[in-house]
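The notes follow the order in which I looked.

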Amino acid sequence: MRRKQNSGFIETIYGPMYSGKSNELVSRIKAYGYAGEKYIAFSPDIDTRNKKNIIISRTGIQNLATKINSKFPEDIFKYISKDIKAVGIDEAQFFNISLIDVVDKLANLGIDVYVAGLNLDFAKRPFETIMKLLPISEFVTSKMAVCFDCGSNAYFSSRINSSPSDNAVLIGTNQYKAHCRKCWNKTNKNLIKGVKSV
């Protein structure tokens, strides 16, 4: 569904792995193209799952995306022209925290900005960039996946063979599973004991 405002706005789409965030993002921005309006999409260079410059969902829906250095999200402005009506940003959790200012400025310019990213890491720790986007977003879409183990609604991501001391974010969905709270707790007993809140 395309949002309708009198000025630019921000929508943050967030949730666990396998919840359809990229699918939602691409569907949103493609609506502008159907209406004959110009839009552009971005993704962080750290995301190397796709060799081509595309955002692609697990359902196969895709869109061209310009790769941006995750440490310098302000480079997005190099690609913004006066006729751009909407911007899509995928895998926002990988971007530097300065993405917040970039997104806010884009919306202030009258551009509709759609941002998609993970809610929590494998140890249920929030991603700072995503959490700071939520309060300045006019629209927030929280996505659910299906639990890999029991089929219930899943809001958490578990990493295969994780340890409490491991803070690295691995790229690649084959490293993760979506879990409901009960199955996450069952799968991650070592993390419950070993991870401190941040």
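Which residues of α2 are buried? Before answering I noted the ground rules: this is a predicted model, in which local features need pLDDT of at least 70 and side-chain atom pairs count only at pLDDT 80 or more, while totals for chains, interfaces and linings use all residues. Residues are numbered from 1 along each chain as its sequence is written, and side-chain values use heavy atoms, with hydrogens and water left out.

**Entry 1, the helix α2.** I found Leu-99, Ile-100, Val-102, Val-103, Leu-106 and Ala-107 to be the buried residues of α2, where buried means under 20% relative accessible area, exposed over 50%, and partly exposed in between (1.4 Å probe, protein chains only). Helices (H or I, at least four residues) and strands (E, at least two) are DSSP runs, numbered from the N terminus. Seen down the axis of α2, these buried residues fall within an arc of 165°, so they line one face of the helix; the arc is that of the directions from the helix axis to the C-beta atoms. I then looked up what covers them, and the list includes β1, β6, β7 and α3. Just after α2, Gly-110 takes a positive phi of about 95°.

For Ile-76 I listed the contacts (heavy atoms within 4.5 Å), and leaving aside neighbours within four places in sequence they are Phe-42, Ile-68, Ile-89, Leu-99, Val-102 and Leu-106.

I traced an open sheet of 6 strands in the order β5-β2-β6-β7-β1-β8, with parallel pairing; two strands pair if DSSP finds at least two bridges between them. At the edges stand β5 (66–68) and β8, each with a single partner strand, so one side of each is left without a neighbour in the sheet. The twist averages 20° from one strand to the next.

For β1 I checked burial and found 7 of its 7 residues buried, with Phe-9, Glu-11, Ile-13 and Gly-15 on one side and Ile-10, Thr-12 and Tyr-14 on the other. β1 pairs with β7 over 7 bridges, Ile-13 standing opposite Ala-116, and 4 bridges join β1 to β8 (residues 139–142), where Ser-142 is the bridge partner of Tyr-14. Elsewhere in the sheet, β2 and β6 are joined by 5 bridges, and Ile-40 has Val-87 in β6 as its bridge partner.

Tyr-18, in the loop between β1 and α1, has a phi of about 65° and is partly exposed, with a relative accessible area of 25%. Glu-91, in the loop between β6 and α2, has a phi near 50°, yet is buried, with a relative accessible area of 10%.

Key
Axes are lines fitted to C-alpha atoms, for helices over the stretch in contact, and angles run from 0 to 180 degrees between N-to-C directions.
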